Amino acid sequence: MSKIGYLGPEGSYSEIAAERIMPEAEKVAYQNFPLLMKALLSKEADVIVAPIENSINGGVLQNIDLLQSTDGVCAVQECVVHIDHRLATMEGAPLSGIKRIYSHQQALDQCARYINANYPTARLIATSSTAAGIQKIQSPEDAGICGSHMKAEGITLSGENIADEKNNFTHFLLVVRGAADPAKPSRKIYFSFTCRHEPGALFKILKCMADDNVNMTKIESRPIKDKPGEYRFFIEIEGDYSNAATRKTLGRVADAANSFKILGAY
């Protein structure tokens, strides 16, 4: 049986993505994203699933950096999960007494308006995942923010979604060992590049795609850690990696760039 790694503990949104992508696989939880990638590289896990972008908070920077910095891995499938945040408290605990709220930092950020309106003095404590936050609830003064699917003994969830934006989705990528397969069709291609330090360098790269009628679905930049003032760009396009014309366009992009890397085709 194949093993799929995800950010645990059980009940996390990452586990939902893993179940949707590979329902028959054995699910293995890991404490953080670096351990997740390490498990893939060591073959402890056959594949892993990791969040790459949230519709409210944007890119999951740690995973973008891991995908960029890790050789020999590639994203091959996308899964979109609707995020429905609920306030978790001990059964019978008065909501007015909450002094600490535990959850993943993104969940805390996504419920900021609700927290500020109802618990402006509460201490916000980031955990490795929303599910891990539930495990921190030890007294009536503790609360967590987790998914509506979560169930834990002695814990009650709010009846409504407390997120500031109810139309909230997280994009997950299935990551495998190996490189993008030019024989396998795809709907999207994800890649990164750095620009040469000259006028119009980024324009020249973007023009390669525009000239070939390639639609770009997202673009973002990340500072290069050991090169102050320099940036790496991450782009997702609509495209079939098995199409020779698409690969030719990517070749033109690579030629115009200082560095270039395919991160996924899915």
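**Charge, fold and one residue**

Analyst: Charge can be read from side chains: Lys and Arg count as positive and Asp and Glu as negative, while His and the chain ends are not counted. Each charge is placed at NZ of Lys, CZ of Arg, CG of Asp or CD of Glu. Here the protein chain carries 29 positive and 31 negative side chains, with the centres of the two sets 4 Å apart. This is a predicted model, in which local features need pLDDT of at least 70, side-chain atom pairs count only at pLDDT 80 or more, and totals for chains, interfaces and linings use all residues. Residues are numbered from 1 along each chain as its sequence is written, and side-chain values use heavy atoms, leaving out hydrogens and water.

User: How many helices and strands does the protein chain have?

Analyst: Helices (H or I, at least four residues) and strands (E, at least two) are DSSP runs, numbered from the N terminus. The protein chain has eight helices and 15 strands.

User: What share of the residues in the protein chain is buried?

Analyst: Buried means under 20% relative accessible area, exposed over 50%, and partly exposed in between (1.4 Å probe, protein chains only). Buried residues are 50% of the 266 in the protein chain.

User: Is T246 buried or exposed?

Analyst: T246 has 15% relative accessibility, so it counts as buried. T246 lies in helix 8, residues 244-256.

User: Which residues does T246 touch, not counting those up to four places away in sequence?

Analyst: A contact means heavy atoms within 4.5 Å. With that sequence exclusion, T246 touches I189, G239 and D240.
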